[in-house]
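Dear colleague,

Please find below the structure that I am handing over to you. My notes on it follow.

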Amino acid sequence: LNEKFVSVKVDIGQHGDLARLYMVSALPTIWFLTSEGEGIGRIFGYHPPRAFLPVLEYIGDGYYKKMVFEDFMRTRGKGKR
């Protein structure tokens, strides 16, 4: 995570303004933002590592700029990227 992401944990009890801004209504909610603060996407709920790692690859390697996640997963499974 530290190579391609900056992880920030926010206590929404103390920072309700951020929870409202990013529409966090359930925990855990994970937001991915660009370095300019623009939203890339969010994930609700717990995801085990096996399901979460492809999301990190999709966003961390910039595939989100080229294709939707479902297409990424299809091509990832075939070894084509």
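Helices (H or I, at least four residues) and strands (E, at least two) are DSSP runs, numbered from the N terminus. This is a predicted model, in which local features need pLDDT of at least 70 and side-chain atom pairs count only at pLDDT 80 or more, while totals for chains, interfaces and linings use all residues. Residues are numbered from 1 along each chain as its sequence is written, and side-chain values use heavy atoms, with hydrogens and water left out.

I begin with Ile43, which lies in strand 2 (residues 39–44). Ile43 has a relative accessible area of 13% and is therefore buried (under 20%; exposed is over 50% and partly exposed in between, with a 1.4 Å probe and protein chains only). Not counting residues up to four places away in sequence, Ile43 touches Pro28, Thr29, Ile30, Phe32, Phe52 and Val55 (contact means heavy atoms within 4.5 Å). Pro54 is eleven residues from Ile43 in sequence, and their C-alpha atoms are 13 Å apart in space.

Ile43 also belongs to the largest nonpolar core, which has ten residues, including Phe5, Phe32, Phe52 and Leu56. Such a core is a set of buried Ala, Val, Leu, Ile, Met, Phe, Trp, Tyr and Cys residues joined through side-chain atoms within 4.5 Å. Helix 2 supplies the largest share of this core, five residues. Leaving aside neighbours within four places in sequence, Leu56 is in contact with Leu1, Phe5, Phe32 and Asp61.

Yours sincerely
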